[in-house]
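Welcome, and thanks for taking a look at this model.

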Protein chains: 2
Amino acid sequence: MLRTFVTVAETGQFHAAADELGISQQAVSKRIAALERHLGVMLLVRTSRGSRPSPDGQVFLPHAKKVLAVVEQAEQAVRPGSRPLRVDVLNRRISPAQAVYRFHRSHPEMELDVVTLSTENAAQAVLAGTVDASFRALPADQVPAGISAERLMDAPLELLVGPGHPLADVPHVRPAELAGHRIWIPGIMPGTEWAAFYRTLSEAFGLSIDALGPDFGPEALMDTLADSDSLATLVGRGDRYLWPQAHDLRRIPLRDPAPVYPHVLLFRSGDQHPVLTALRAYLRTAGPRTPRDVWAPEWVEAV
Amino acid sequence: MLRTFVTVAETGQFHAAADELGISQQAVSKRIAALERHLGVMLLVRTSRGSRPSPDGQVFLPHAKKVLAVVEQAEQAVRPGSRPLRVDVLNRRISPAQAVYRFHRSHPEMELDVVTLSTENAAQAVLAGTVDASFRALPADQVPAGISAERLMDAPLELLVGPGHPLADVPHVRPAELAGHRIWIPGIMPGTEWAAFYRTLSEAFGLSIDALGPDFGPEALMDTLADSDSLATLVGRGDRYLWPQAHDLRRIPLRDPAPVYPHVLLFRSGDQHPVLTALRAYLRTAGPRTPRDVWAPEWVEAV
DNA sequence: GTTGGAAACAACTTCTGGTTGTGGAAGTAG
DNA sequence: CTACTTCCACAACCAGAAGTTGTTTCCAAC
């Protein structure tokens with residue numbers, strides 16, 4: 001209907017538009033009439049030598065073209081084959097996602113989309129082409145054939161506590177000192193490498209990490225933390241949450257050693273997609289540098 | 001179809017979306033299936049507890065919302081009642097149109113559209129509400145009741161000639177000196193106040209202005225001028241054409257006296273539209289100032 | 001007046017897009 | 001394990017939207 005109007009406006013005649021659209025002149029007439037009825041205004045002034053946009057039509061024409069262009073973009077975004085690079089992240093707040101956004105802002109011409117797979121098997125999705133790359137912390141022996149893994153970002157962990165927590169005002173804390181404190185990280189799906197990371201971490205330092213419990217979202221977690229004098233959680237440096245501005249929450253860096261969450265980028269081996277190449281290069285240089293004396297699970301591939 | 005997808009994505013269930021859209025669950029199912037078939041990708045992953053966007057769906061969702069928003073804008077632009085201010089100009093290149101564009105750029109929040117009425121009777125169109133304001137050079141006695149006229153911009157005329165024209169290199173020229181030169185201004189509709197202006201001008205200074213002839217557009221006129229040693233035309237200072245960059249055309253200001261085209265803004269008396277008020281205020285201050293010793297037709301209302 | 005071109009109208013046909021009814025898969029409670 | 005619930009897909013059916021061909025009206029040009 002919009003396309004019909006645009007075609008008539010550009011050809012100046014119903015019949016020419018009908019030819020171009022491959023339908024009959026009468027069908028064009030009906031479509032235009034329906035569009036005008038829908039909008040409640042006349043869009044075209046009919047003369048004996050064709051049709052020209054009325055004032056309303058002149059105003060509407062660029063909008064109609066814009067709609068068609070946006071529709072085209074929408075279809076392009078999911079058309080298999082020539083679509084933008086698609087990167088999977090665990091969630092959109094963690095530091096790798098933020099780094100991808102920064103990359104996109106500094107290279108606006110590089111088209112890329114960020115998605116969140118709910119799948120456990122991200123490698124399978126990468127192989128199948130559902131996504132082009134995925135940020136994970138996959139153990140080296142779990143990377144299947146055909147998939148490459150590059151450890152691109154180590155996110156140092158920080159303890160997040162409310163103002164009443166015993167550790168609220170220390171400048172930093174050693175992981176071993178967290179033994180006995182209750183650490184709550186809701187929303188971790190069992191069986192994911194995320195869960196494996198925290199399990200390894202808790203075993204290495206004798207922590208009690210409660211990864212279960214319902215996940216009511218980060219806001220609810222923040223509320224709970226702010227009101228509790230004993231509860232704490234772990235976040236990565238660079239993760240983007242509303243805190244600590246709201247709720248007066250404190251981020252306490254972990255040191256000696258500094259546990260890092262090893263973000264690994266999975267992608268199809270040999271994938272030469274230019275945006276993927278550029279993204280990897282960007283992350284190699286622009287990622288937050290790892291502090292000295294880090295701790296990471298042994299099972300993470302050392303790249 | 002897009003709205004259906006967005007609704008399902010936001011509610012998470014076909015049935016809830018169907019309720020919200022006022023159709024049956026089966027209809028929603030069909031629509032989504034048709035959309036997925038059209039795009040060639042799965043947009044939703046169906047589980048036994050609802051549906052969530054697939055990676056393709058996650059990418060497509062913001063595009064779909066964008067389409068809906070743009071469609072809404074398009075309808076808004078022509079919806080009678082609360083639509084943007086609509087200003088008619090003789091054509092989009094002349095200085096009043098350029099001034100309106102400048103106003104729009106400096107006040108992006110002021111929504112306004114520019115159209116070109118092909119009607120002779122712009123005042124009628126303003127009264128009828130087809131447009132909210134119209135730039136004309138209407139004689140004072142032709143302004144009908146209910147219409148206000150404000151002379152907002154005097155555009156000094158300039159002679160436009162090719163490099164071979166006898167007047168090509170003079171710094172300025174008096175109108176009377178143009179007697180004997182052939183001046184060609186194609187595309188003037190007889191009976192318009194534009195034609196009346198040039199008729200009055202030619203009578204006042206004994207010029208021979210050829211306002212007839214086919215109008216092949218400004219590019220053709222420029223070509224002709226550039227190649228001719230005797231032809232010239234008149235343009236307003238501030239009119240935006242591709243010249244004089246292309247074709248090596250020269251603009252020669254007219255002086256002693258300086259004829260000005262008196263652009264008058266017509267609008268409904270008492271129209272309090274804030275954008276109209278702001279536009280008039282802007283044009284009063286930002287318009288090009290009139291030089292001393294101007295000439296304008298007597299019949300123009302002196303405001 | 002006549003002619004020719006452009007768009008609208010009318011009658012008919014097709015098929016899209018809706019409906020109701022039903023079935024299957026997956027979770028959930030007893 | 002079985003029964004029940006929830007959620008979506010499939011089938012059959014039906015109305016109306018949207019296409020077709022044929023015809024009429026309007027208007028400008030000859």
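This is a predicted model: local features need pLDDT of at least 70, side-chain atom pairs count only at pLDDT 80 or more; totals for chains, interfaces and linings use all residues.

Residues are numbered from 1 along each chain as its sequence is written, while chains are lettered from A and ligands numbered from 1 in the order in which they are written.

**Around DNA strand D**

- A residue is near a strand if its C-beta atom, placed from the backbone, lies within 6 Å of it.
- There are 19 residues around DNA strand D, and A:S24, A:Q26, A:A27, B:F14 and B:S29 come nearest.
- Two or more residues of this surface come from each of these elements: helix 3 of chain A, and helix 2 (14–21), helix 3 and strand 2 (50–53) of chain B. Helices (H or I, at least four residues) and strands (E, at least two) are DSSP runs, numbered from the N terminus.
- Sorted by class, the surface near DNA strand D holds 4 nonpolar, 11 polar and 4 charged residues. Here Ala, Val, Leu, Ile, Met, Phe, Trp, Tyr, Cys and Pro count as nonpolar, Asp, Glu, Lys and Arg as charged, and the others, Gly among them, as polar.

**Around DNA strand C**

- DNA strand C has 20 residues around it, of which A:F14, A:S29, B:S24, B:A27 and B:S48 come nearest.
- Helix 3 of chain B supplies the largest share of the surface near DNA strand C, with 5 residues.
- That surface divides into 4 nonpolar, 11 polar and 5 charged residues.

**How the two chains pair up**

- Chain B is superposed on chain A by a rotation of 180 degrees with 0.0 Å of shift along its axis (RMSD 0.1 Å), which is the relation of a two-fold axis.
- B:V67 is the residue of chain B that comes closest to the rotation axis, at 3.1 Å (C-alpha).
- In chain B, 29 residues are in contact (C-beta atoms, placed from the backbone, within 7 Å) with 29 residues of chain A.
- On the side of chain B that touches chain A, helix 4 of chain B gives the most, with 16 residues.
- The residues on that side of chain B are 16 nonpolar, 7 polar and 6 charged.

**A look at helix 8 of chain A**

- Helix 8 (residues 218–227) of chain A has the buried residues A:L221, A:M222 and A:L225. Buried means that 20 or more other C-beta atoms lie within 10 Å of the residue's own, exposed that 12 or fewer do, and partly exposed in between, with C-beta atoms placed from the backbone.
- The exposed residues A:A220 and A:D227 sit on the face of helix 8 turned away from its buried side.
- Strand 6 (147–161) and strand 9 (231–236) of chain A are among what covers the buried residues of this helix.

**A:R86 up close**

- A:R86 lies in strand 3 (residues 85–88) of chain A and is buried, with 26 other C-beta atoms within 10 Å.
- Not counting residues up to four places away in sequence, A:R86 touches A:D113, A:V115, A:V131, A:D132, B:P55 and B:V59.

Notes:
Copies are superposed by least squares on the C-alpha atoms of residues with pLDDT of at least 70 in both. Two residues are in contact if their C-beta atoms, placed from the backbone, lie within 7 Å.
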